[in-house]
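Visitor: I'm new to this one and would like to be walked through it. Could you take it step by step?

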Amino acid sequence: MAFKKQSFIFKIHLIISVIIVIPVALIYGFAPDSEFDIHLNTVDELNAFKAFMGMYIGFSSLWILGIFKAKYFKMALVTNMVFMLGLGLGRLISIVIDGVPTNAYVYGTIAELILGFYGIWVLTRKKW
């Protein structure tokens, strides 16, 4: 029983990431203006957001593998940390330079940093 609880504690941030990142990916790819103050006007802008969607879904696929297959867990953990901390720190830079975005992005920044630092915590606690 303790193994399962510990396994869940080590994987919860991956589960949360998948639950959030896949819907956000689909919104970015197909309807970014429905949830965010984003208005894409050119084919290049649409193409870039479809690429973001693909990248988000690709990383989410790796995280799902890490949740269910032990041999992919460490790779999923490290990529999730880099993904979340990269987004969170990039957004912090934007907040300092560009100003405060809409609430969705402020909450997203906080969540990304929490998930990224949680990944660091797991990486330092898990016996490899």
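Visitor: What pLDDT does the protein chain average?
Guide: This is a predicted model, and its protein chain averages a pLDDT of 94, with 98% of the residues scoring at least 70.

Visitor: And which elements have the lowest and the highest mean pLDDT?
Guide: Among the elements of the protein chain, the lowest mean pLDDT, 90, belongs to α2, while the highest, 98, belongs to α4.

Visitor: OK, how many helices and strands are there?
Guide: The protein chain has 5 helices and 0 strands, so by the DSSP runs used here the pattern along the sequence reads α-α-α-α-α. Along its principal axes, the C-alpha trace spans about 50 × 30 × 20 Å.

Visitor: What share of the residues is buried?
Guide: Of the 128 residues in the protein chain, 33% count as buried. The chain exposes about 8100 Å², and carbon and sulfur atoms supply 71% of that area.

Visitor: Let's pick a helix. How far apart are the end C-alpha atoms of α5?
Guide: They are 33 Å apart, and this agrees with expectation, because the 23 residues of helix α5, residues 103-125, should span 33 Å at 1.5 Å a residue.

Visitor: Which residues of α5 are buried?
Guide: The buried residues in α5 are Y105, G108, T109, E112, L113, L115, G116, G119 and V122.

Visitor: Switching to S17, where is it, and what does it touch?
Guide: S17 sits in helix α1, which covers residues 2-30. Leaving aside residues up to four places away in sequence, S17 touches I22, W63, N80, M84 and L115.

Visitor: Is S17 buried or exposed, and why?
Guide: S17 is buried, because its relative accessible area is 0% and the cut-off for buried is under 20%.

Visitor: You mentioned W63. What else does W63 touch?
Guide: With residues up to four places away in sequence again left out, W63 touches L14, S17, V18, V21, A76, T79, N80, F83 and M84.

Visitor: Which residues touch the most other members of the largest nonpolar core?
Guide: Y28 and W63 do, out of the 22 residues in that core. At least two residues of this core come from each of α1, α3 (43-68), α4 (73-98) and α5.

Visitor: How many aromatic pairs are there in the whole structure?
Guide: A search of the whole structure finds 11 aromatic pairs. One of them joins F36 and Y105, a tilted pair with 5.1 Å from centre to centre and 40 degrees between the planes.

Visitor: Where do F36 and Y105 lie?
Guide: F36 lies in the loop between α2 (32-35) and α3, whereas Y105 lies in helix α5, so the pair ties together parts that are 69 residues apart in sequence. Both F36 and Y105 are buried.

Visitor: And what about the rings of F59 and F83?
Guide: Their centres are 5.3 Å apart and their planes stand at 50 degrees, so the F59 and F83 pair is tilted. F59 lies in helix α3 and F83 in helix α4, so this pair ties together parts that are 24 residues apart in sequence.

Visitor: Are F59 and F83 buried or partly exposed?
Guide: F59 is partly exposed, with a relative accessible area of 27%, whereas F83 counts as buried at 8% relative accessibility.

Visitor: Last one: which residues do the ring pairs link into a cluster?
Guide: Ring pairs link Y28, F36, F49, F52, Y56, F59, W63, F83 and Y105 into a cluster.

Terms used
Residues numbered from 1 in each chain as written. Predicted model: local features only at pLDDT ≥ 70, side-chain atom pairs only at ≥ 80, totals over all residues. Heavy atoms only, no water. Helix = DSSP H or I, 4+ residues; strand = E, 2+ residues; numbered from the N terminus. Expected span 1.5 Å × (residues − 1). Buried < 20%, exposed > 50% of the residue type's maximum accessible area, 1.4 Å probe, protein only. Contact = heavy atoms within 4.5 Å. Core = buried A, V, L, I, M, F, W, Y, C linked by side-chain atoms within 4.5 Å. Phe/Tyr/Trp six-rings, centres within 6.5 Å; stacked < 30°, edge-to-face > 60°. pLDDT = per-residue confidence, 0-100. Areas by Shrake-Rupley, 256 points an atom, 1.4 Å probe, with all protein chains shown as cover.
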